[in-house]
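Biologist: Could you take me through the salt bridges of this model, slowly enough for someone new to it?

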Amino acid sequence: MKIGIDTFACNHGRSGLGSYLMSLAGHLVSDEEIQFEFFGTEIDRFTYTSENQLPFKSVDVMDSLTSELTWHLFKVNKFAKKMNYDGVIYAAGARMMPGKFKVPGITIVNDIVSSYFKSHSKGMLFRQLKKGLNNVNCIIVPSKFVKDDLISFGISADKIKIVHNGIDHKIFYPKSELSHENSIVDIKPFAIKKPYIIYASSMQSAEKKHVELIKAFTLFKEKTHLPHRLVIAGSEGLASEEIHKAAFASSAACDIFITGYFPHENFPELYREAEACVFPSVNEGAGLSVLEAMATGIPVACSNSGALQEIAGNNALFFDSDNIEDIADALEKVLTDEECRKNLVTSALKWTEQFSWKKTVNEIVEIVKSVVKGSSSR
């Protein structure tokens with residue numbers, strides 16, 4: 001059984017989807033029963049395949065959204081047939097896949113589709129992807145929240161399978177008690193002054209609630225006068241200009257540090273050295289950043305919207321992301337209430353033990369095998 005894995009629309013590893021695919025790739029192993037091969041633009045030849053040395057097939061298409069969408073609309077099925085794939089995994093399932101499938105398709109959807117399509121409700125992207133979601137053989141989602149969202153979007157519940165994201169506990173683990181306390185966290189090319197709060201999310205939309213967080217952080221600083229900084233780590237995006245303006249206008253501007261793109265492999269240390277993780281986004285379907293922060297032994301305060309309550313369980317401090325004062329109060333509590341901090345850390349570490357990429361990959365592989373065998377028996 002030969003399975004192709006589509007790397008298009010995963011931002012060359014520089015986004016949540018890209019990190020997801022890299023984690024998946026790092027735990028995939030070909031054997032006598034099933035072989036995996038990645039395909040995409042030449043720039044991604046070593047982005048996802050280096051750890052397990054899985055094969056990669058370069059596709060001659062321009063690195064642009066329009067060109068890639070057109071290729072998926074007219075050529076991906078012919079390509080899959082030519083490569084003798086028995087099935088194809090579309091890693092960016094809410095963003096890039098064909099409308100019809102001549103080779104069994106398994107798509108991964110980490111997005112909240114109804115929210116994502118608000119800005120694409122007209123034109124080829126919306127029509128193609130909605131058609132694809134209706135026609136694909138199986139959809140893998142990271143939470144019940146995403147499944148329910150797809151169902152409300154008109155997708156059959158029978159084809160949707162929930163597989164929670166994993167955590168790489170080899171790199172996301174708590175700080176050693178023997179670690180030396182330094183006032184500066186030196187993560188090239190950044191030198192970040194402690195103490196700080198971390199929010200790791202790309203600046204793609206207003207639903208990420210960066211602006212609300214900046215306003216709440218400002219209120220928190222004006223009320224408490226604590227020395228904490230706010231570190232916002234994530235790629236620039238459509239909401240970047242508004243976020244930078246809000247930070248510049250804040251009375252706490254000197255304590256707000258926006259890093260831009262931050263390599264995923266450096267996040268463990270960034271989390272470990274933080275006083276807390278805050279995550280106000282309201283359109284999260286996977287909550288991977290929250291899980292990773294929990295696994296490093298820091299307390300988490302996050303939105304009560306999206307899939308975060310499902311993913312974090314009772315192991316985070318929740319707030320209303322549209323209420324600036326509520327966010328500010330949560331920041332104060334998670335930073336100053338020692339009993340609260342201790343309880344959150346202890347319960348979260350226990351909670352995250354159930355998540356691993358090995359488990360995630362094993363579940364996905366079994367689903368892929370079932371889909372391909374089911375399709376061939378028809």
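Modeller: Lys369 counts as buried, at 10% relative accessibility, where buried means under 20% relative accessible area, exposed over 50% and partly exposed in between, with a 1.4 Å probe and protein chains only. This is a predicted model, in which local features need pLDDT of at least 70 and side-chain atom pairs count only at pLDDT 80 or more, while totals for chains, interfaces and linings use all residues. Residues are numbered from 1 along each chain as its sequence is written, and side-chain values use heavy atoms, leaving out hydrogens and water.

The partner of Lys369 is Glu33, and their side chains meet in a salt bridge at 3.1 Å, N to O, the term meaning a side-chain nitrogen of Lys or Arg within 4 Å of a carboxyl oxygen of Asp or Glu. Because Glu33 sits in the loop between α1 (16–25) and β2 (35–40) and Lys369 in helix α14 (residues 357–376), the pair ties together parts that are 336 residues apart in sequence; helices (H or I, at least four residues) and strands (E, at least two) are DSSP runs, numbered from the N terminus. Glu33, for its part, is partly exposed, with a relative accessible area of 38%.

Another salt bridge joins Glu273 and Lys194 at 2.8 Å, N to O. Glu273 lies in the loop between α9 (267–272) and β13 (276–279) and Lys194 in the loop between β9 (190–193) and β10 (196–200), so this pair links parts 79 residues apart in sequence. Both Glu273 and Lys194 are buried. Returning to Lys369, salt bridges that share partners join Glu33, Glu366, Lys369 and Lys373 into one network.
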